[in-house]
Amino acid sequence: MGMGVGYFVRALPLQTDEGSDTICIYLIILGAILIGLYLGLYLYNKMLVGKRRKQHPCRFCGHMVDAVSDCCSAPVVERFMTGKCTKCGKECKITCARCKRQLT
Ligand SMILES: [Zn+2]
Ligand SMILES: [Zn+2]
C-alpha cells in the first residue's frame, strides 16, 4: 500500500518529455486516487483503533506503552491528532505512561 504511493511519487519527476502528457495526467489521477484511498484507510484505522485502548510505541522509552493525558495522567479517549482526558474531560496531549513525554 505505502510502497505503491512511494513508487508513484518517485516516478513523477521523470514524466517530463513531450508526448507523455496524457500518461502524466493519468498518473496524477491514479496517484490522487491512491493517496485518497490510503488516507481513507488510515483515517478509518485511526477511528477504529481509537475506540479501544491501545498501546503506543514511545520513541523515548523504546517500548509499547499506555497512553495517558498530560493533565491528569488518566486514560485518554483518542481522537485524530489529539485526545480527551477521561478524568477532567478536557482536550489533552497524549503522553507516555512511563516517561510522561508526548507521544506522536
Ligand atoms: Zn516513554
Ligand atoms: Zn485531565
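How many bridges pair strand 1 and strand 2, and in which sense? In this predicted model, strand 1 and strand 2 pair in the antiparallel sense over three bridges. The model is predicted, and local features need pLDDT of at least 70, side-chain atom pairs count only at pLDDT 80 or more, and totals for chains, interfaces and linings use all residues. Residues are numbered from 1 along each chain as its sequence is written, while chains are lettered from A and ligands numbered from 1 in the order in which they are written.

The protein chain contains two helices and six strands. Helices (H or I, at least four residues) and strands (E, at least two) are DSSP runs, numbered from the N terminus. Along the sequence the elements follow the pattern α-α-β-β-β-β-β-β. Of the 104 residues in the protein chain, 12% are buried. A residue counts as buried if 20 or more other C-beta atoms lie within 10 Å of its own, as exposed if 12 or fewer do, and as partly exposed in between, with C-beta atoms placed from the backbone. Two residues are in contact if their C-beta atoms, placed from the backbone, lie within 7 Å. Among contacts between residues at least 6 apart in sequence, 33% join residues at least 24 apart.

One open sheet has three strands in the order 1-2-6, with antiparallel pairing. Its edge strands are strand 1 (55-57) and strand 6, each of which pairs on one side only. Neighbouring strands of this sheet are turned by 60° against each other on average, direction ignored; axes are lines fitted to C-alpha atoms, for helices over the stretch in contact, and angles run from 0 to 180 degrees between N-to-C directions. Two strands pair if DSSP finds at least two bridges between them. In general, strands of a sheet pair through backbone hydrogen bonds, either parallel or antiparallel.

Strand 1 and strand 2 form a hairpin with six residues between them. Gly 62, in the turn, has a positive phi of about 75°. Pro 57 has Met 64 in strand 2 as its bridge partner. Strand 2 is also joined to strand 6, by three bridges, and these two strands run antiparallel. Here Val 68 has Thr 95 in strand 6 as its bridge partner, and Ser 69 stands opposite Ile 94.

His 56 lies in strand 1. With 17 other C-beta atoms within 10 Å, His 56 is partly exposed. Not counting residues up to four places away in sequence, His 56 touches Met 64, Val 65, Ala 67 and Leu 103. His 56 and Ile 94 are 38 residues apart along the chain, and their C-alpha atoms are separated by 9.9 Å.

The largest nonpolar core has nine residues: Cys 58, Ala 67, Val 68, Val 76, Cys 85, Cys 92, Ile 94, Cys 96 and Leu 103. A nonpolar core is a set of buried Ala, Val, Leu, Ile, Met, Phe, Trp, Tyr and Cys residues joined through C-beta atoms within 7 Å. Strand 2 (64-69) and strand 6 (94-96) are the elements that give two or more residues to this core. Leu 103 is in contact with His 56, Cys 58, Ala 67, Ile 94, Thr 95 and Cys 96, leaving aside its neighbours within four places in sequence.

Another open sheet is formed by three strands in the order 3-4-5, and the pairing is antiparallel. Strand 3 (76-78) and strand 5 (91-92) stand at the edges with a single partner strand each, so one side of each is left without a neighbour in the sheet. Strand 4 (residues 83-85) pairs with strand 5 in the antiparallel sense over two bridges. Lys 84 has Glu 91 in strand 5 as its bridge partner.

Lys 87 is placed in the loop between strand 4 and strand 5 and counts as partly exposed, with 14 C-beta neighbours inside 10 Å. Apart from neighbours within four places in sequence, Lys 87 is in contact with Cys 72 and Ala 74. Lys 87 and Ser 73 are 14 residues apart in sequence and 8.7 Å apart in space, C-alpha to C-alpha.

Most residues other than glycine have a negative phi. Ser 73, in the loop between strand 2 and strand 3, has a positive phi near 55°. Lys 100, in the segment after strand 6, has a positive phi of about 65°. Ser 73 is partly exposed, with 14 other C-beta atoms within 10 Å, whereas Lys 100 counts as exposed, with 11 C-beta neighbours inside 10 Å.
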